[in-house]
Amino acid sequence: MSDQKSRLREITAVLHRYQITRGVTPEKLRLILEDLGPTYVKIGQIMSLHSDILPKAYCDELMKLTSDARPMPFSEVETVIDESYKRRGIDYHDIFEKINEIPIGSASIAQVHRATMKDGSDVIIKVRRRGIYTTMKRDIDLLHKAVRVLPAVPPLKNIVDLDMVLDELWEVAQEEMDFTREAANMQEFAEKNRSIVYVTTPELYKEYSTHHVLVMEYIDGWPINDAGSLKANGYDLDEIGQKFANNFLKQVMDDGFFHADPHPGNVTIRDGKIVWLDMGMM
């Protein structure tokens, strides 16, 4: 209980600091969610995909939370990697030649660093945020309490079961936190799309992946929404759009196993292929 009261004081302090009663601009909303922590960053990511609810300026700003959220310090990244590998009796310095300190992407549950392995392979390391499980569970519990004391707002109460939404958010977040599950998703996705010549996913380094650390091939290329770069490099946008739609329909209708978070940061074009990234939500 004292922990929850402390968290409520933190939340109140953040809202006061940003003078929320004076209005909320798109940038201010993003900064507030970042300061409130991973649970609220995740909510912001979900909100960014709902232009049916929020004005486009807010959605565009919140989209930054999918890959440009405030990262954890590199010292914490090293601690997570070290602790995770030591459980297997491995010194991570024996595996990686270098890990870039500046992340190439940071979101609610994890952040990604480029690295070079001892054999020269160019990889990325996805690292789970330290203490993320405890932090998100505490926040979800608090939000459940808030839902119970807030007055019902017609017609919202007839459309959305907020307790159910929070339960779903927590269930999905727990799945995303387990990188062994994501590794299995990557393998299943690759197998189901093996015959599709224009679709691929990064090579997985399963032997170096754990519950908290995921190692995979580094993918360069262009985000699927970077129209300027794609056209400049000879790609036909109509062809990309048609192949993307066809593959996604195959995932849904034929495979029954589809990417559940297909925002532009998770779909890259490289060597004439659509590369699907981040298999945490399938």
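**Salt bridges, cores and a pocket in a predicted model**

A total of 26 salt bridges was counted, a salt bridge being a side-chain nitrogen of Lys or Arg within 4 Å of a carboxyl oxygen of Asp or Glu. The structure is a predicted model, in which local features need pLDDT of at least 70 and side-chain atom pairs count only at pLDDT 80 or more, while totals for chains, interfaces and linings use all residues. Residues are numbered from 1 along each chain as its sequence is written, and side-chain values use heavy atoms, with hydrogens and water left out.

Side chains of opposite charge can pair when their charged atoms come close. An α-helix has 3.6 residues a turn, so residues three or four places apart point the same way. Asp82 is partly exposed, at 21% relative accessibility, whereas Lys86 is exposed, at 56%. For these classes, buried means under 20% relative accessible area, exposed over 50%, and partly exposed in between (1.4 Å probe, protein chains only).

A second salt bridge joins Glu97 to Lys118, with the closest N and O atoms 3.4 Å apart. Glu97 lies in strand S1 (residues 96-99) and Lys118 in the loop between strand S3 (110-117) and strand S4 (122-128), so this pair ties together parts that are 21 residues apart in sequence. Lys118 is partly exposed, with a relative accessibility of 47%. Arg181 and Glu175 also meet in a salt bridge, at 3.7 Å from N to O, and Arg181 is partly exposed at 41%. Salt bridges with shared partners link Arg17, Glu27, Arg30, Glu34, Asp35, Glu61, Lys64 and Arg70 into one network.

The volume of the second largest pocket is about 340 Å³. On a 1 Å grid over the protein atoms alone, a pocket is an open set of points where a 1.4 Å probe fits, with protein on both sides within 12 Å along at least five of seven lines, and lining residues have an atom within 4 Å of a point. Grid points are joined across faces, edges and corners, and the volume is the space filled by probe spheres set on the points. Helix H2 (26-36), helix H3 (38-48) and helix H6 (132-149) each supply at least two lining residues, and H6 gives the most, with 4. The lining has 8 nonpolar, 4 polar and 9 charged residues, where Ala, Val, Leu, Ile, Met, Phe, Trp, Tyr, Cys and Pro count as nonpolar, Asp, Glu, Lys and Arg as charged, and the others, Gly among them, as polar.

Helix H3 is largely enclosed by the rest of the structure, because 8 of its 11 residues are buried. These are Pro38, Thr39, Tyr40, Val41, Lys42, Gly44, Gln45 and Ser48. Pro38, Thr39 and Lys42 are among the contacts of Met136 (heavy atoms within 4.5 Å). Leaving aside neighbours within four places in sequence, Met136 also contacts Ile109, Trp170, Ala173 and Met177.

Met136 and Met177 touch the most other members of the largest nonpolar core, which has 24 residues. A nonpolar core is a set of buried Ala, Val, Leu, Ile, Met, Phe, Trp, Tyr and Cys residues joined through side-chain atoms within 4.5 Å. Helix H1 (2-17), H2, H3, helix H4 (56-62), H6 and helix H8 (162-177) each supply at least two residues of this core, with H8 giving the most, 5 residues. Another core, of 21 residues, lies apart from it and includes Ile124, Leu204, Leu230 and Ile240.

Most residues other than glycine have a negative phi. Gln19, in the loop between H1 and H2, has a positive phi near 50° and is partly exposed at 39% relative accessibility. Asp278, in the segment after strand S9 (273-276), likewise has a positive phi, of about 60°, and is partly exposed at 25%.
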